[in-house]
Amino acid sequence: MNIDKVIELDLIKEKWASLAMTQFAKDKIKDMKPFMSENDLRKSMRETSEGRLMIEQCGTPPLVSMEGVEDLFIMAQKGACLTVAQLESVEISLVAIKRLKKYLERGKDFNFSLAYDGEMLESLGEIREAIVTQIRNGAVDDRATPLLFDIRNDIRKMEDKIKSKIEGILSSNQAYMTDQFTTLRNGRWCLPVRKEYRNKIKGSLVDKSSSGNTLFIEPAAISKYYEQLQGLQIDEENELYRILYTLSDLVAGKAEQMFQNLKVIERMDYVFSKGKLSIDMEGVEPQINTNRVIEIVEGRHPLMAKESCVPIEFSIGGEHRGVIITGPNMGGKTVTIKTVALNCLMAQYGLHVTCQSANLCMNTNYLCDIGDGQNLAENLSTFSAHIENVMEILSELTSESLVIMDELGSGTDPTEGMGIAIAILEALRKSNCLFLVTTHYPEVKQYADQTEGVVNASMAFDRESLKPLFKIMIGESGDSCAFYVASRLGMSDEMLKTAIKASFGKVDIDQYSFLGEKIPPADQLSEKAGTSLSKPKPKIQKNKKNTQKSEWLSQQFKIGDSVLVLPDQKIGIVCEPINRKGVLRVQMRDKKIWINHKRVKLKVSASELYPDDYDFSIVFDSIEERKYRHKTNRKFTGEILTHDE
């Protein structure tokens with residue numbers, strides 16, 4: 001069984017990963033396993049505590065994702081020319097490194113050991129400065145080099161000269177133009193010349209309008225300027241490539257230092273994500289032990305809102321290694337064992353736990369059987385699934401395991417289930433592991449009372465509000481309160497007496513003082529409380545057969561009726577009446593069609609068009625069909641006459 005999913009550690013991991021910035025940290029969180037080395041676990045726990053303290057003292061660390069930055073440095077190492085956008089990404093990452101380094105420097109003032117990792121960060125200021133001075137606003141800056149500045153200045157002058165020249169030509173040839181302005185087509189300055197005056201303007205045809213009435217002509221007088229402009233643009237492109245290659249080479253030369261930076265950032269991101277999670281969950285650093293002891297003070301489930309969660313007190317280990325928890329179905333037993341297991345597992349991940357204080361042991365594995373486990377695909381019943389899971393647990397069991405089991409022995413005959421439950425508990429006890437089990441079997445409670453190393457515990461329950469108090473009382477066995485809960489939720493005294501008699505015999509009925517109690521108002525109980533037995537029952541509404549409608553449909557159109565077929569308003573003649581589906585057949589001009597009666601409108605009834613004894617086969621049947629029917633009728637008549645004779 002997937003323990004992470006069952007006790008909802010997977011949801012904790014999702015929340016944890018959402019607090020990380022780098023993909024490395026997210027992947028590490030996803031693949032994280034519990035620490036098995038005490039030294040490594042204590043080191044990780046110190047990092048979590050320091051990470052949280054540093055966030056509280058110095059603010060949120062200025063971490064960014066750094067996604068794709070490593071690839072850019074690898075590309076530069078291989079001799080690629082980085083684009084302007086890629087170099088800007090490098091510059092942004094270097095700014096982030098500078099900010100993180102400054103942040104960690106502040107941490108030294110509080111003597112955080114984590115802050116000294118900043119000494120391994122290289123600011124690479126020369127790269128950042130080179131990129132900033134030569135690239136701005138998504139382009140290479142004019143003043144990146146003196147040569148580029150001169151080339152671009154010459155380009156602007158040449159463009160102004162071309163524009164001035166072409167506007168002069170336009171002004172002196174207005175009669176031949178379709179518009180009073182020049183235009184840029186395919187990178188060339190052109191005049192919009194009327195088609196009929198093509199020969200009036202000397203130059204090259206560059207483009208024409210969609211109608212063909214306007215020709216866009218580059219005047220011959222500016223062609224020589226355009227050639228000079230192209231030469232300058234080639235010089236500009238060469239200088240741009242030289243600048244980008246120079247910057248790329250500078251990036252490549254610092255690739256190894258950048259790779260080291262990224263490792264430090266990824267580690268910082270992972271550590272600070274643990275600190276952020278601790279702050280979000282209001283967690284505390286637990287004590288770690290290897291003495292097989294679990295002690296939780298005011299522990300709560302980390303996924304439950306603190307204001308709505310009643311904390312629990314729990315301890316196990318030493319004299320008692322097994323706890324049998326009993327109590328009502330809605331008493332909070334399952335939440336309790338999940339809370340204990342989840343906090344223990346989080347601690348072994350090096351995370352803070354949601355308790356006021358805790359002393360938690362390390363475990364070699366966490367084994368769990370919660371839920372009905374029913375699997376229709378594998379043809380497993382609830383009980384079969386439980387037993388299969390239990391056998392898997394027993395096969396992986398060690399003296400350093402933590403086992404939680406919910407509703408032990410359920411899903412089968414109570415007597416046999418009780419026996420199996422005790423057998424499983426005995427196997428767990430003999431393994432010397434720590435285990436938490438919930439049950440309703442009174443014999444299991446008795447087993448806990450009489451067996452060394454196993455103790456009963458019960459969940460407190462408010463009998464008035466029918467709400468769990470989430471308070472676990474070690475050393476006391478609890479009642480299921482099934483009859484009481486049923487009474488409070490509206491079950492009649494007659495039904496309760498029948499249930500009590502079936503369970504314990506008639507002599508015990510008078511012992512139940514709640515019989516005859518007034519059921520409290522529904523708003524004082526849960527949503528399921530109240531007079532559910534007296535609620536009106538829903539009924540299935542069956543469709544009634546509308547025989548009148550069927551008769552009406554059959555009478556609406558008759559054979560021979562002239563009708564309009566909608567929406568085309570074409571005229572046809574009914575050749576077959578409406579069937580049960582509301583469809584009739586209509587003879588059109590060249591074919592017969594089936595059509596819904598709603599798309600047909602009566603034009604002239606057959607009684608107005610034909611006599612009563614009219615033979616409609618003349619209209620609807622072809623000559624071949626009539627000949628064939630006449631022939632077959634003659635043969636059939638002849639056979640009858642011969643028989644009679």
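## Helix packing and an aromatic pair in a predicted model

S431 has a relative accessibility of 18% and therefore counts as buried (under 20% relative accessible area; exposed is over 50% and partly exposed in between, with a 1.4 Å probe and protein chains only). The residue is placed in helix α13 (residues 414-431). Apart from neighbours within four places in sequence, S431 is in contact with L397, T398 and S399, where contact means heavy atoms within 4.5 Å.

The model is predicted, so local features need pLDDT of at least 70 and side-chain atom pairs count only at pLDDT 80 or more, while totals for chains, interfaces and linings use all residues. Residues are numbered from 1 along each chain as its sequence is written, and side-chain values use heavy atoms, with hydrogens and water left out.

Two helix pairs are set out below. Helices are DSSP runs (H or I) of at least four residues, numbered from the N terminus. Axes are lines fitted to C-alpha atoms over the stretch in contact, and angles run from 0 to 180 degrees between N-to-C directions.

| Helix pair | Angle | Axis separation |
|---|---|---|
| α5 (residues 69-77) and α6 (residues 84-108) | about 125° | 10 Å |
| α3 (residues 23-30) and α10 | about 55° | 8 Å |

α5 and α6 are therefore oblique to each other (under 35 degrees is roughly parallel, over 145 roughly antiparallel, 65 to 115 roughly perpendicular and the rest oblique). The crossing of α5 past α6 is left-handed, meaning that the near helix is turned anticlockwise from the far one by less than a right angle; clockwise gives a right-handed crossing. On the α5 side V69, L72, F73 and M75 take part, meeting Q86, S89, V90 and S93 of α6. This contact comprises 5 nonpolar, 3 polar and no charged residues.

α3 and α10 are likewise oblique, given their angle, but α3 passes α10 in a right-handed crossing. Here F24, A25, K28 and I29 of α3 meet E266, D269, Y270 and S273 of α10. The residues of this contact divide into 4 nonpolar, 1 polar and 3 charged.

Y270 also belongs to an aromatic pair. The model has 5 aromatic pairs, counted where ring centres lie within 6.5 Å (planes under 30 degrees apart are stacked, over 60 edge-to-face and the rest tilted). The ring centres of W16 and Y270 are 5.9 Å apart with planes at 35°, so this pair is tilted. Because W16 lies in helix α2 (residues 9-18) and Y270 in helix α10 (residues 255-281), the pair ties together parts 254 residues apart in sequence. Both W16 and Y270 are buried.

Key
Nonpolar A, V, L, I, M, F, W, Y, C, P; charged D, E, K, R; others polar. Phe/Tyr/Trp six-rings, centres within 6.5 Å; stacked < 30°, edge-to-face > 60°.
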